[in-house]
Amino acid sequence: MVRFSFTSALSRAALLFIYATGALADLSSDLAALNFQVLVPGNSGYASASAAFNRRFTFQPAAVFFPKTAQDVSSAMKLGVKYGFQVVSRSGGHSYIANGLGGKSGSFVVDMRNFNAVSVDANTHIATIGPGNRLGDVALALNSAGRAMPHGTCPYVGIGGHSGHGGYGFTSRKWGLTLDTVQSLEVVLTDGSIVTASGTSNSDLFWALRGASSSFGIVTSIHANTFAAPSSTTIFEYNWDLTAAAAASALTAFQNFVNGPSLPQEFAGELVLGSGSSKGRVSFGLTGGWYGPANQYAAVIAPFLATVPTPQSKKLTVGTYIASVQYLGGLGRLNTTTIPDSTDTFYAKSLMTPPLVSAQGTAFMNYLASQGFGTNTDWFVEVELYGGTNSAINNVASDATAFANRNSTWTIQFYTSAPNGVPPFPSAGFTLLDGMVNSIVNNSPAGWTYGAYANYIDDRLTNWQHLYYGANYPRLQSLKDQYDPNDVVNFPLAIEE
Ligand SMILES: Cc1cc2nc3c(=O)[nH]c(=O)nc-3n(C[C@H](O)[C@H](O)[C@H](O)COP(=O)(O)OP(=O)(O)OC[C@H]3O[C@@H](n4cnc5c(N)ncnc54)[C@H](O)[C@@H]3O)c2cc1C
Ligand SMILES: *[C@@H]1O[C@H](CO)[C@@H](O)[C@H](O)[C@H]1NC(C)=O
Ligand SMILES: *[C@@H]1O[C@H](CO)[C@@H](O)[C@H](O)[C@H]1NC(C)=O
């Protein structure tokens, strides 16, 4: 029996509708008639079902649904439409701004956790993946069939949101983004219909779902290409403590290296920047993966190491593919089913850029070495290699999918957490990250173009339509108008009509 209580959680529009029509009893009985679990304010379990990964946000959904089938998702969608609620889906719940909870109070949240099967077709090697799976569990399940796919490192990130807006990991230079592997999707549209989107069926919807999926419906099944797991992986980690000037030079050296004529696709990496040992210095790390034969690695990295100071520390970890996924995940396990997710209280920004010119690198490192020292929030910057010679990410046309920023060399993530990762989040954290981004953008040469990464979604970003979707935005708007004319699926930074 579902008890429905009045709370400030309900959206104003929905409340007015319910008062005006006396529909509350109807909603309550409609919810109670569902043959799957739904939690509303006041139910036990509602509080934990409404908690955001990023504790900077607290929202009260009007209801949290736990469907088991696409038909159930359709039922939840239709109830949202009937009673005037906005409907969003949550897969892993790792949205940076809690958009899996609607990014505000009063939404219907369709939690996809029961969509957790993974299978691999023995002939085509196409995987069928429930969107509620977490990346660690996907990696384990694919690996048991000898297969793998490109995806991010954190085991608890959901494949649902991740594959809908990008999906970057160290194998992406070779295999592309997670969304590039998608062959077809089953999706529940806002009229409640359950449709297939692929290159041959609803192909315009398929285009939109690969880059902006959250705005178009609820994906209930993902069919994706897989790859033979590499037979050997080498994870490398180097660290330096450098003056700002030396850090800027090392950045230039890495840029020159990754754009060298012969960099193999099997090489991938990111620079990890942090607070240095004293004011004026920067912690400069290089972490990445080499997915070719281990005995070739030293020759691949040698030209870079020849152009930078001797690292203060270095570590090579050679092993199986799945061991590398677990190692990069940082938790000592990939299976997420037994231990609950953690939380953080954080703010993050991103830039997707061509190579930085020296004025930008210098200003950026100077900023990190000065304003970045002794801050009251913890921070790091990851300069992720999307491009470089012959990157599979770059080899896709910018209008082939909704994911527009295909020509980027870097995706730079700027991330800062409240002390101990718990609220309150100090406002100085916003200022710190704005300054980091500005040190790059304000020193850009004429004609320098940049974007931002929708999986690192930033609610304080202005001009996000252009930065996330570039020239693809107008087409996304017209498809939003076509597929969701009444804006049922809506949340901060959703595609507008
Ligand atoms: C600790 C951490 C590490 C990360 N590491 C990486 C990384 O290495 N590489 C990288 O590329 N990204 C990384 N990310 C970013 C991550 O890719 C995004 O946050 C991603 O969108 C999370 O997906 P989710 O399903 O967990 O989130 P959710 O909050 O569930 O969903 C995110 C968005 O997608 C929508 N959505 C969810 N499920 C569906 C569905 N089934 N159908 C349609 N829309 C849906 C939601 O409504 C929401 O708008 C990381 C994030 C965190 C918090
Ligand atoms: C994770 O662990 C659970 C419990 O031991 C098990 O049932 C499940 O199959 C494991 N998942 C994967 C993907 O290996
Ligand atoms: C892609 O980026 C490179 C710099 O990395 C630039 O030289 C080139 O003009 C860009 N191409 C397009 C099509 O924007």
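A charge sits over a ring if NZ of Lys or CZ of Arg is within 6 Å of the ring centre and within 35 degrees of the ring normal. The model is predicted: local features need pLDDT of at least 70, side-chain atom pairs count only at pLDDT 80 or more, and totals for chains, interfaces and linings use all residues. Residues are numbered from 1 along each chain as its sequence is written, and side-chain values use heavy atoms, leaving out hydrogens and water.

**Exercise 1.** Find the ring under the charged end of R56.

Solution. The ring is that of F425, with its centre 5.7 Å from the charged end of R56. R210 lies over the face of F206, 3.7 Å from the ring centre.

**Exercise 2.** Classify the pair Y168 and Y386.

Solution. Step 1: rings of Phe, Tyr and Trp (its six-membered ring) pair if their centres lie within 6.5 Å; planes under 30 degrees apart count as stacked, over 60 as edge-to-face and the rest as tilted. The count is 34 aromatic pairs.
Step 2: the centres of Y168 and Y386 are 4.5 Å apart and the planes are at 15°, so the pair is stacked.
Step 3: Y168 is in the loop between α6 (159–165) and α7 (172–175), and Y386 in the loop between β17 (378–385) and β18 (410–417), so the pair ties together parts 218 residues apart in sequence.
Step 4: both Y168 and Y386 are buried (under 20% relative accessible area, 1.4 Å probe, protein chains only; exposed is over 50%, partly exposed in between).

**Exercise 3.** Classify the pair F236 and F267.

Solution. The pair is stacked, at 5.2 Å centre to centre and 15° between the planes. F236 has 0% relative accessibility and therefore counts as buried; F267, also at 0%, counts as buried.

Methods. Chains lettered and ligands numbered in written order. Helix = DSSP H or I, 4+ residues; strand = E, 2+ residues; numbered from the N terminus.
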